[in-house]
Amino acid sequence: MITTFQQHILQQQVAGASGDFSWLLSGITLATKMIEARIRAAGLSDILGAAGQINVQGETQQKLDVYANQALLHCLGLRESVFALVSEENEQPVIFDRAPEHGKYVIVFDPLDGSSNIDVNVNVGTIFSIFRRNEQDASHAALQQGLAQVAAGYVLYGPSTVLVYTSGRGVYGFTLDPSIGAYVLSHEKMKMPRQGKYYSCNEANLATFPEPYQLYIESLRNGEAGREYSSRYIGSLVADFHRTLLKGGIFLYPPTISHPEGKLRLLYEANPLAFIAEQAGGMALDGQQRILSLRPRKIHQRTPLVLGSPCEVESFLQFAERPALQRLA
Ligand code: FBP
């Protein structure tokens, strides 16, 4: 018959598990179903447009950003195993006064990724990453290397709503079946193709990219990279990542003049997608180093991001004039 996300989690659970983790994940599935319902009817309710405030990123918050953030904070806050929540929309972590034996997890998330696409009905998403609490201080507990992630995933609100998830044992995709209101297993053991035919970056910024990026993108455009490439850029990280996961190729958000450290956030954008990419046989770098090995210094830290199929990422590294990283075997 069907395997729901909850069934999959229970099947993956170790013997004697408390059930806290699967109950925690049900907070994410509930909140993302609430967000999905608002997005589906966005044009019919007063949920489009700006909410009026500026968030910690200096961005104008959209009404759906605010709603998505509240839905996740509410549903996850009810889970006893949650110690702290770090959101793209909140300057500081939201901390729950729970003893270490109860409040075991820290969840970091981007409640609504691709905000600039909300009002034009283009795919947007929610990204999350889960860590074990390893510190009393919530901010420090959130500043763990990506390698320490217990699980990560995203929900893509597109023609269909898809939840893609890993807990370090492969990547699985679940499609929301509106007729039963459940995420149903639709993609087992997802693998990123070793080589793709798409590259994805905001070429409007090309002239401001560091030279190795310019040279590399030029090589994709002029055939020097050994095959023909086409450009695809949706401007919603989750959507551009999902295509790269399924079709292969490379996504790049390099340092630019307006974002010399890169635009995307390490904790709740780069780390979770890097975990999924590597679990699917892909690679994810900050232009030089493995994203998952980076040591975060602050919760809203930004990073350059280069991720995709091994062929494309390794050929990028040649342009970055560094010996190709040892295969991540
Ligand atoms: P948020 O919408 O969560 O702030 O994410 C940032 C983002 O919209 C990414 O989804 C996307 O990849 C990138 O910014 C697009 O940036 P730009 O418009 O500079 O190309």
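I checked the overall size of the protein chain. Its radius of gyration, taken over C-alpha atoms, is 19 Å. A compact globule of 329 residues would have a value near 20 Å, so the two agree. The globule rule is 2.2 Å times the number of residues to the power 0.38. The C-alpha trace spans about 55 × 45 × 45 Å along its principal axes.

I noted that this is a predicted model, where local features need pLDDT of at least 70, side-chain atom pairs count only at pLDDT 80 or more, and totals for chains, interfaces and linings use all residues. Residues are numbered from 1 along each chain as its sequence is written, and side-chain values use heavy atoms, without hydrogens and water.

Next came secondary structure. I found 8 helices and 17 strands in the protein chain. These are DSSP runs, numbered from the N terminus: helices (H or I) have at least four residues, strands (E) at least two.

Then I turned to the ligand.

Last, I looked up polar contacts (pairs of N or O atoms within 3.5 Å). A polar side-chain atom of Asn202 lies 2.8 Å from a ligand oxygen. For Asp110, the distance to an oxygen atom of the ligand is 2.9 Å. The side chain of Glu269 has an N or O atom 3.2 Å from a ligand oxygen.

Methods. Polar contact = N/O pair within 3.5 Å; in protein donor to acceptor, adjacent residues only side chain to side chain.
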